[in-house]
Amino acid sequence: MSTTADTVEKKGYDVEEIRAQFPILKELVHGKPLVYFDNAATSQKPRRVIKAESAFYATINANVHRGVHTLSTKATEAQEAARETIRKHINAKHAHEVLFTSGTTASLNLAAFSLGQLLLKPGDEVLISGMEHHANIVPWQLACERHGAKLKVIPVTDSGELALGASDHLIDQLSDRTRILAISHVSNTLGTINPIKELIAEARKRGIITAVDGAQAIAHLNVDVQDLGCDLCAFSGHKAYGPTGTGVLYGREELLERMPPWQGGGEMIDVVTFAKTTYAKLPFKFEAGTPHIAGIIGLGEAFRWMEDYDKAAMAAHEHTLLEHATTELLTIDGLRIIGTAKEKVGVISFVIDGIHHYDLGTLLDQQGIAVRTGHHCTQPLMERFGVSGTTRASFASFNTVEEIDSMLAATKKAAKMLR
Ligand SMILES: *Cc1c(COP(=O)(O)O)cnc(C)c1O
């Protein structure tokens, strides 16, 4: 399974063929066919992923890296095969640069804790942006508090893009004291695709360490960590067709070697005495305790599933959905889209004058349509746009234009009822 993927032919894009692989799409909600537009919160899982996870428990369940017995060896091999699949997918140089975590939140907490220890001194600065998820704000805030550093923020424009400076100083907020740039590839609330390759290049020129929140990018864009040039990149399995409770922190080998461990325990040690402990090699230095083995195996399967398709074709399909939804939603009286960046993934946040997002979400649910309502874990961004929350529809490879038309009809009906 290792080196042939480049030459393997990708499947053509057939949305019905894709839909048939997602058992949940046959469910009814309030007697209506499920229309699942909450993929930015968590995506649905293809049968292959569900099977891989349960097959682990049914046939090879054992702990990894611990036993010499047959099942333990099989479990270890299956977990390490998942690591290699993910390495290839994100084009990391080494498999040991792929650290397994419980999700983006854990990955970013690891990054912030460890980089804080390694780099931050009083008066230093950490730079984030105004469109970050709380998971890419709070861990850095905590690190800044621990080390007497300051959190700085790149502002967001009215269209939901980063407010960048002129080309000779792309990022106005960088200073001699900036040590870390932590930035999302794609905004979960606005759908904005940030120009992170340029931002990373600018930061690296100044010796600043870069951490990417890739939670919303991994299932929708080609993420090539070497091409991006980032030091760290975090993402969750469950937003990329994989199981909940799984995630990855990619890190450049040289940096991971220098970073101190985050959590201590079994698996991450070399030699323990009460006087001193030495740590295991990468990646195990950062993987204390028994991992979510079944989940990791499911995660590997999710990435193999994505590899079967041309990601550009998936992205093009999702873009068609986005354009159709954008055009049609704007025909609704008093509706405003929050986030109108030029470069977007299939995420659309909107508000309707005089209608609370919670009421709209409830009425859509009664029609079988699942959307997210609220602040989407981006309270500072809500404040920036002067709204308490939005209704958000977020698309995946298995969604259809017809489903968007159902949402539009249901939204129009709900708007009439609520006004
Ligand atoms: C969902 C999300 C997170 C947090 O991911 P978890 O899976 O909840 O840990 C962080 N950042 C972004 C942009 C997200 O969309």
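The model is predicted, so to speak of local features we need pLDDT of at least 70, and side-chain atom pairs count only at pLDDT 80 or more, while totals for chains, interfaces and linings use all residues. Residues are numbered from 1 along each chain as its sequence is written, and side-chain values use heavy atoms, with hydrogens and water left out.

Let me start with the helices. Two packed helices are described by the angle between their axes and the distance between the axes. Helices here are DSSP runs of H or I with at least four residues, strands are runs of E with at least two, and both are numbered from the N terminus. An axis is a line fitted to C-alpha atoms, for helices over the stretch in contact, and angles run from 0 to 180 degrees between N-to-C directions.

First pair on my list: α2, residues 47–60, and α3, residues 70–90, pack at about 160° with their axes 11 Å apart. These two helices are therefore roughly antiparallel; the word applies over 145 degrees, with under 35 called roughly parallel, 65 to 115 roughly perpendicular and the rest oblique. Their crossing is right-handed, meaning that the near helix is turned clockwise from the far one by less than a right angle, with anticlockwise being left-handed. From α2, Phe56, Thr59 and Ile60 meet Leu71, Lys74, Ala75 and Ala78 of α3, where contact means heavy atoms within 4.5 Å. By class, that contact has five nonpolar residues, one polar and one charged. Nonpolar covers Ala, Val, Leu, Ile, Met, Phe, Trp, Tyr, Cys and Pro, charged covers Asp, Glu, Lys and Arg, and the others, Gly among them, are polar.

Next, α3 also packs with α9, at an angle of about 40° and with axes 8 Å apart. That makes α3 oblique to α9, and the crossing is left-handed. Residues of α3 in this contact include Ala75 and Ala78, which also take part in the contact with α2. On the α9 side, Ile293, Gly300 and Phe303 are among the residues involved. The contact divides into eleven nonpolar, four polar and two charged residues.

The last pair is α11, residues 357–366, and α13, residues 401–418, at about 125° with axes 9 Å apart. That makes α11 oblique to α13.

Now the ligand. Which residues are around the ligand? They are Thr104, Thr105, His133, Ala135, Asn188, Asp213, Ala215, Gln216, Ser236, His238 and Lys239, each with a heavy atom within 4 Å of it. A polar side-chain atom of Asp213 lies 2.6 Å from a ligand nitrogen. Gln216 has a polar side-chain atom 2.6 Å from a ligand oxygen, and so does His238.

Finally, the backbone. Most residues other than glycine have a negative phi, and most peptide bonds are trans. Asn91, in the loop between α3 and β4, has a positive phi, near 55°. The peptide bond from Leu282 to Pro283 is cis, with omega near 0°. Pro283 is in the loop between β12 and α9.

Notes. Polar contact = N/O pair within 3.5 Å; in protein donor to acceptor, adjacent residues only side chain to side chain.
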